[in-house]
Amino acid sequence: MTLMTERPTISGTGPHTFEDLLDLLDELHVPDGYKAEIIRGNIVVSPWSKGYYTRVMNLVCKQLDPHLPDGHLISQAPLLFVFPGVENAYGPDIHAAHEQTLETASNRLDGEALSFVAELTSPSTRDDDLTDKVETYGKVGVPVYLILDMQEEQATVLWTPSAKGYEARLTKPFGEKLDIPAPFDCTLDTTGFQAPPES
């Protein structure tokens, strides 16, 4: 097992199938304050978000909720969405999917059922949010991916998923309005997404 200070990662000594990693993830006792995902064939354990991230997640959910496709729910509940075709499993900060996706006793939810995901970057997850997750969410056809870059204080929306990731993107600094494309077709006001003043 390999551990990194900011981002512990578990990698085995031999080859593991994606199913093996999912089984290991099921048995893993993650330390309080951390979440676990499968990224590039490794189990990655990352620290939970800062307190004010919850405020931002609530603002996103509140604004998008009235514009959800019929039967879809938006949440920031800690759930694991699995992408077997690309052998990744993520716990997005915010996710929207049809309510039937949640009608299962399994803790492994169908990643291809997602209609929207948002990730709030942190120093330990930023690289994955900006690269691997762009590719994965795009390849599996998630219609809209929102990246809230908490370090650069800017929001990027990606849409038109393709085999290479996403073909369209728009970035605005926090405090401005950002158009969220179909199937939502609404405007997200990013006012108040900034970090609070340091005490």
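1. Strands here (E, at least two residues) and helices (H or I, at least four) are DSSP runs, numbered from the N terminus. Please keep in mind that this is a predicted model, in which local features need pLDDT of at least 70 and side-chain atom pairs count only at pLDDT 80 or more, while totals for chains, interfaces and linings use all residues. Residues are numbered from 1 along each chain as its sequence is written, and side-chain values use heavy atoms, with hydrogens and water left out.

2. Strand E5 (residues 80–83) has two partners worth a look. With E6 (residues 88–90) it runs antiparallel, joined by three bridges, and Val82 has Ala89 as its bridge partner in E6. With E8 (residues 108–110) the pairing is parallel, again over three bridges, and Leu80 stands opposite Arg108. Two strands count as paired if DSSP finds at least two bridges between them.

3. Which way do the side chains of E5 point? Leu80 and Val82 point one way and Phe81 and Phe83 the other, and all are buried. Buried means under 20% relative accessible area, with exposed over 50% and partly exposed in between (1.4 Å probe, protein chains only).

4. Thr101 sits in the loop between E7 and E8. This residue counts as buried because its relative accessibility is 15%. Leaving aside neighbours within four places in sequence, Thr101 is in contact (heavy atoms within 4.5 Å) with Phe81, Leu109, Asp110 and Ala113.

5. Now to the open sheet: six strands in the order E4-E7-E9-E10-E11-E12, with mixed pairing. E4 (72–75) and E12 (165–173) stand at the edges with a single partner strand each, so one side of each is left without a neighbour in the sheet. Neighbouring strands of this sheet are turned by 15° against each other on average, direction ignored. Axes are lines fitted to C-alpha atoms, for helices over the stretch in contact, and angles run from 0 to 180 degrees between N-to-C directions.

6. Ser75 stands opposite His95 in E7.

7. Helix H2 (residues 51–64) lies across E4, E7, E9 (114–120) and E10 (144–149), running at about 155° to E9. Helix H4 (residues 132–139) packs on the sheet too, touching E9, E10, E11 (154–162) and E12, and its direction makes about 125° with that of E12.
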